[in-house]
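Below are some short notes for a colleague who has not seen this structure before. Please read them beside the model.

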Amino acid sequence: MGGKSFGNFGGSGRERARRRGQGQLESQVLAALHHAPGPATAAWVQDRLGGDLAYTTVMTILSRLHAKQAVTRERSGRAYVWTPAADEAGLAALRMRRVLDGEPDRDAVLTSFVSALSHHDEQLLRTLLDRDAADGSEAPGARGSAGAPTSADDPDPAPGRQHRPDEAHGA
């Protein structure tokens, strides 16, 4: 077969320990795309990752990232060129929204998340929410981007959160 290695399916324990998980591969592929001077081919990504990954593995990871809307692709001849859909912070935010969207009790998840924030992170979140409210981008009672009701729509606040009297009456 031309001397090309197709991997060691049995493999020793040491060889299996070197194997990267899907999340790690996705992160490495995204990092390579972020360092690309522009849209990149799968072959370019494969080369930047050291060439120890099969081209088909790189294509699989890119396709999975495309399905997750973490990368975009455009035809370039017979191949695709790939571009990250957002910067690293934007991709982390996308992952956080996906986790939240997959949970049946958004209020409980958000309550648990916010209650575990450090003081600094809580202050930053408050500042961002206040700035968003001051910009008028989210009117009281408006629905979030996923169509979930905001606290103004919900007569029963999340566990541990009490409405202020003026909140309940829209004042």
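1. Helix α5 (residues 88–101) and helix α6 (residues 106–115) have axes that come within 9 Å and cross at roughly 135 degrees. Their arrangement is therefore oblique (angles under 35 degrees count as roughly parallel, over 145 as roughly antiparallel, 65 to 115 as roughly perpendicular and the rest as oblique). Helices here are DSSP runs of H or I with at least four residues, and strands are runs of E with at least two.

2. This is a predicted model, in which local features need pLDDT of at least 70 and side-chain atom pairs count only at pLDDT 80 or more, while totals for chains, interfaces and linings use all residues. Residues are numbered from 1 along each chain as its sequence is written, and side-chain values use heavy atoms, without hydrogens and water.

3. On the α5 side, M96, L100 and D101 meet R106, V109, L110 and F113 of α6. By class, this contact has five nonpolar, no polar and two charged residues.

4. The largest nonpolar core has 20 residues, and V29, L33, V45, L62 and L65 have the most contacts inside it. Such a core joins buried residues (under 20% relative accessible area) through side-chain atoms within 4.5 Å. Two or more residues each come from α2 (22–34), α3 (42–48) and α4 (55–67); the largest share, five residues, is from α2.

5. Beyond its neighbours within four places in sequence, L62 is in contact (heavy atoms within 4.5 Å) with V29, L33, A42, V71 and W82.

6. Strands β1 (residues 71–76) and β2 (residues 79–84) pair in the antiparallel sense over six bridges; pairing requires at least two bridges found by DSSP. R75 has Y80 in β2 as its bridge partner. The two strands form a hairpin with two residues between them, and G77 in the turn has a positive phi of about 70 degrees.

Key
Axes are lines fitted to C-alpha atoms, for helices over the stretch in contact, and angles run from 0 to 180 degrees between N-to-C directions. Ala, Val, Leu, Ile, Met, Phe, Trp, Tyr, Cys and Pro count as nonpolar, Asp, Glu, Lys and Arg as charged, and the others, Gly among them, as polar. Buried means under 20% relative accessible area, exposed over 50%, partly exposed in between (1.4 Å probe, protein chains only).
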